[in-house]
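Hello,

Here is the structure I promised to pass on to you. Have a look at it first, and then read on for what turned up in it.

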Amino acid sequence: MIITKQKNFADLLRCIDNKSVFLIGCNECATLCRTGGKEEIAALKEALGKHKIPVTGWVVLEPACHLMNDKQMLKKFDSELKRSEKVLVLACGNGVQTVAELLAEKDVIAGTDTLFLGEISRINEFDKRCMLCGECLVDAFGGFCPVSRCPKSMLNGPCGGSSGGKCEVNKEMECVWDTVYQALKKKGKLQVFTAIQKPKDWSKTLEQKRRV
Amino acid sequence: MSYRSHLEEVLADGRFVVTAEIGPPKGADVGKMRQKAEVVRGYADAFNVTDNQTAVVRLSSFAGCMVLLQMGIEPIMQMTCRDRNRIALQSDVLGASALGIRNILCLTGDHQSFGNHPGAKGVFDIDSIQLLQIIKDMRDRGVFQSGDPLIASRPIVFLGAAANPYADPFEIQVDRLRKKMNAGAEFIQTQSVYDIEKFTQWMDDVRSQGLDKNISILAGVTPLKSVKMAERMKFHVPGTDVPDQVYERMKAAADPPKEGYAIALETIRELKAVPGLRGIHITALFWEEIIPALVKDAGLTPTV
C-alpha cells in the first residue's frame, strides 16, 4: 500500500490562502492510512469551516489514481468545482497528479506527503517495505528487501554500524540485514553472506520510460 | 618483484606495519594539512586521507592525497560510495592512478544523516564490496563495471577495505571479511580496538580459516584525548565498542590525555602479540601530533 501522511494544517491553510476550496479524498490507500478517507475529509472540512474557508464540496474518489473513474465521478461535481478556486487532494502523489491532469484550470494542492510502499503493521502503524526499484531481489535475501529497508541499500551484508539488531541511522529501526541473517540462519541458507551480490541494475527503475 | 605501492612492499617484507590517518581541512587551504603531514612524516608507512568522514564536507580525499604525494609521502586514498555513483568512482580511480596514487581503501561510507548536510541524497549506488570488485576488474581484467573495456593503461592500485570486529551479528563478520577478500581487498584496516579480548577472538576466527595468510590485517588504534571523546566513541559513534573498564579509567584519570595515551600504548603492545596481525592503523582524531611519540614509545619503526 502507498503510505501517506497528512501535511500539517498550518501548511494547508497557507496553500489555500483564504480561497474557496473543493476537497478530494481516495477510498483505497489514503483511506486505510486514515489520511484521505471520508472521516478525514469531514474533519478537514470542519477545521476549515472554523477558519471561515468556504468548502464548496467534496468527493472520495474510487480510487484517486484511476483516471477514467475520476473523470466520471468528478463530472457529477461540476458546479461545486466551478465555484471553488482551489482543489485540495488527500491522496498519494499519484492521486494528486491524476486529479491535476483532469482539472487543468484549477490550483491543485497536495494535502499529504507520500512516504513509501509499505505494510500496515498495526492500526496507524506503517512499515516501509519497497521502493519500487523495478527489479525485485527479495528472494535472494530470505524475502526481505535491503534495497529499500537498509538506509545504505547494502547488497552484501550489514555495514559496521549494525548493533544488537538495530540500525546505526535510527536505533528504533531494525537492521534489515540482521533480519535477513536470523531468517536465513533458521533455514540453513546463509550463502548470501559469502556470495558476492553484483551491483544493481538501476536501468530497471523505468526512469527512461513511464508507461507499461 | 615489483610492488604497486610502498605499503604493499613493506607488508610483503613481513614487517609490522604502521598506517595513520590525516584528516583533510574543512576549507580550501592545505597549509595546515602540510604542517600536520610534516609532523608525522616518517612515523607511518602510508597515510590514509579520509573521504568526507562522518559525512562532513572537507577537502576531497583525492586532492588531499595529491598534497601528500607532492611532499613525497605515500597516501592511501579513501573512497566511499555515499557521494558518488559507479561512473564517478571509476573515473576517480583512473585519475588517481594516473597521478600516482597507489593505495585505495574502499568503504561504503557513513550515512549522510550523521554529517553536516543531513538533507543530502545519499548515492549508495554500490557498496564497498562491489567497489572493490569493480576496481579489481578494472585493474586485472581491464574492464569497467558494465563490461566495457578500458582503453590503454589499467589502474595500478593496492586495494584495501575496512572490517569491524565489533559489529553484529558477530558470527558473520569473518564471512564478511572473506567476501571483501574475494572481491579484491588485499589489506584491511579495522575499527578502533579498545576491547582487545573481543578483537583477539575475531582474529582467532580469522586465523582458524586461514584468512590471515591471504590478506594483511591492520588493527585500528585511536588514542582517547578526553573523557568527552571516550563518551562519544562509547555512546554515539556507530560501530565502536569502548568497554566500561576503559571508559571508567578515562573518567577516573587526573590527566585524561595522558591516560588515553597510556591506554593506546598498552593496546598497541598487546596487538603486537596477536598472531597473524600485520600492523596497526592509527586514527588520532584531532590529535595527529601525538603519532610520532606513540609510534616511538611502542617500539615501531616504519621505513619510509
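This is a predicted model: local features need pLDDT of at least 70, side-chain atom pairs count only at pLDDT 80 or more; totals for chains, interfaces and linings use all residues.

For chain B, the mean pLDDT is 96, and 99% of the residues reach 70 or more.

**The barrel in chain B**

With that term in hand, you can follow the barrel. Eight strands of chain B close up in the order β1-β2-β3-β4-β5-β6-β7-β8, with parallel pairing. From one strand to the next, the twist averages 25°.

Val17(B) has Gly279(B) as its bridge partner in β8(B).

Four bridges join β4(B) to β5(B) in parallel, and Ile104(B) stands opposite Leu159(B).

**The cores**

Which residues touch the most other members of the largest nonpolar core? They are Ile104(B), Cys106(B), Ile135(B) and Ile188(B), in a core of 87 residues. Helix α5(B) gives the most to this core, with six residues. Another core lies apart from it, with 31 residues, including Cys33(A), Leu61(A), Leu81(A) and Val87(A).

Leaving aside neighbours within four places in sequence, its contacts are Met79(B), Ser128(B), Leu131(B), Leu132(B), Ile135(B), Leu159(B) and Ala161(B). Helix α5 (residues 128-140) of chain B lies across β3 (75-80), β4 (103-107) and β5 (158-163) of chain B, and runs at about 145° to β4(B).

**Helix α6 and the contact between the chains**

In helix α6 (residues 173-183) of chain B, the buried residues are Gln173(B), Val174(B), Arg176(B), Leu177(B), Lys179(B), Lys180(B) and Ala183(B). They pack against α5, β5, β6 (187-192) and α7 (196-208) of chain B. After the helix comes Gly184(B), with a positive phi near 140°.

How many residues does each chain bring to the contact? Chain B gives 28 residues and chain A gives 24. On the chain B side, α5 and α6 are the elements that give two or more residues. The largest share of that side, six residues, comes from α6(B).

Chain A itself is divided into domain 1 (2-115) and domain 2 (135-199). The C-alpha centres of these two domains lie 38 Å apart.

**Some backbone details**

Most residues other than glycine have a negative phi, and most peptide bonds are trans. A few places here are worth a look with that in mind.

- The peptide bond between Glu62(A) and Pro63(A) is cis, with omega about -15°. Pro63(A) sits in the loop between β3 (55-61) and α4 (67-75) of chain A.
- A cis peptide bond also leads from Asp168(B) to Pro169(B), with omega near -15°. Pro169(B) belongs to the loop between β5 and α6 of chain B.
- Asn52(B) has a positive phi, near 50°, and lies in the loop between β2 and α3 (61-70) of chain B.
- Thr54(B) has a positive phi of about 50°, and its place is in the loop between β2 and α3 of chain B.

Are Asn52(B) and Thr54(B) buried or partly exposed? Asn52(B) is buried because 22 other C-beta atoms lie within 10 Å, where 20 or more are needed. Thr54(B) has 15 C-beta neighbours inside 10 Å, so it counts as partly exposed.

Enjoy exploring it!

Best wishes

Key:
Residues are numbered from 1 along each chain as its sequence is written. Chains are lettered from A and ligands numbered from 1 in the order in which they are written. Two strands pair if DSSP finds at least two bridges between them. Axes are lines fitted to C-alpha atoms, for helices over the stretch in contact, and angles run from 0 to 180 degrees between N-to-C directions. Two residues are in contact if their C-beta atoms, placed from the backbone, lie within 7 Å. A residue is buried if 20 or more other C-beta atoms lie within 10 Å of its own, exposed if 12 or fewer, and partly exposed in between; C-beta atoms are placed from the backbone. pLDDT is the predictor's confidence in each residue, from 0 to 100. A nonpolar core is a set of buried Ala, Val, Leu, Ile, Met, Phe, Trp, Tyr and Cys residues joined through C-beta atoms within 7 Å. Domain bounds come from an automatic or database domain assignment.
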